[in-house]
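Here is my notebook for a first look at this structure.

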Amino acid sequence: TQGLMAGKRGLIMGVANNRSIAWGIAKALADAGAEIALTYQGDALRKRVEPLANELGAQVVGHCDVLDESTIDDVFARIEKMWGKIDFLVHAVAFSDKDELTGRYVDTSADNFRNTMQISCYSFTSVAQRAEKLMTDGGSMLTLTYYGAEKVMPHYNVMGVAKAALEASVRYLAVDLGKAAIRVNAISAGPIKTLAASGIGDFRYILKWNEYNAPLRRTVTIEEVGDAALFLLSDLGRGVTGEIQHVDCGYHIVGMKSVDAPDI
Ligand code: NAD
């Protein structure tokens, strides 16, 4: 992959630590020669993101909380000043109140529904608006989704509803931005033990279930998601837009628990 992203620059949002999916993507892109800008959410994460950025020679372009649109504007203003244009955007941002990532979806509160939708769905459209202006030579945008958008998964609840809306946004954005040669795709990653995932009830059970029942009989790594992201964000993916690419060891094609799966 060396040189595949040479001369390409872009923004990656969502690195919290070295277990983040965004970090797996950043590593794959940096290895392929991309220049990368990272944001962090709040000072606590800044301390984690800065050393990681140094490892890749990436720029840290500041604090961004997608609930505060002025912080999104600040980040894009900094990038515009630094680079003038960008070629790619990675959105690996999601949040919902832990108390609602357990139990029943029917009990979701209006406040957490709005919050989850704004952070986990609308924010992709919000950053796409800004990124479009900087993708003057075309570009590629990517967000992260999960199978809970398509099928009911235990405890995923309101996040599943937000991911379904996010996947629909990918298709609408792909049509709107296609004329400007901007591609918009999502990766539907299988379960991975990250900070965000630790908020989901019985997550260990979900990991085991995937390991026993996915065709490849294991779960995915952030490096594997990174390599698929590299395909979609590089010119290798130039004919692909509006796509939800599963990177889940094949779990989504299975209709039934495998007969040789042990009990969990
Ligand atoms: P993570 O905790 O490493 O990353 C989540 C990121 O979202 C963090 O960097 C956090 O700072 C950021 N974030 C949350 N609220 C924010 C806000 N208001 N403003 C700005 N940033 C905010 O976890 P992850 O699993 O790497 O999550 C990345 C993406 O991958 C998410 O969209 C998640 O839903 C998706 N995903 C995760 C899995 C999994 O099993 N881990 C599977 C499929 C999809």
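**Entry 1: the annotated site**

I looked up "active site" in UniProt, and the unreviewed entry lists Tyr146 and Tyr156. UniProt positions are given in the numbering used here, feature names are shortened, and annotations may be inferred rather than shown by experiment. I am working with a predicted model, where local features need pLDDT of at least 70, side-chain atom pairs count only at pLDDT 80 or more, and totals for chains, interfaces and linings use all residues. Residues are numbered from 1 along each chain as its sequence is written.

**Entry 2: Tyr146**

I found Tyr146 in the loop between β5 and α5 (157-178). Helices (H or I, at least four residues) and strands (E, at least two) are DSSP runs, numbered from the N terminus. Is Tyr146 buried or exposed? Tyr146 is buried, because 24 other C-beta atoms lie within 10 Å (buried means 20 or more, exposed 12 or fewer, partly exposed in between, with C-beta atoms placed from the backbone). Beyond neighbours within four places in sequence, I noted contacts of Tyr146 with Lys163, Ser188 and Ala189 (contact means C-beta atoms, placed from the backbone, within 7 Å).

**Entry 3: Tyr156**

Tyr156 also turned up in the loop between β5 and α5. I counted Tyr156 as buried, because it has 22 C-beta neighbours inside 10 Å. Leaving out residues up to four places away in sequence, Tyr156 touches Gly148 and Ile200.

**Entry 4: around the ligand**

I then checked the 27 residues around the ligand, where Ser20, Leu144, Thr194, Leu195 and Ala196 come nearest (near means a C-beta atom, placed from the backbone, within 6 Å). α1 (21-31) and β5 (139-145) each give this shell at least two residues.

Note on methods: Contact = placed C-beta atoms within 7 Å.
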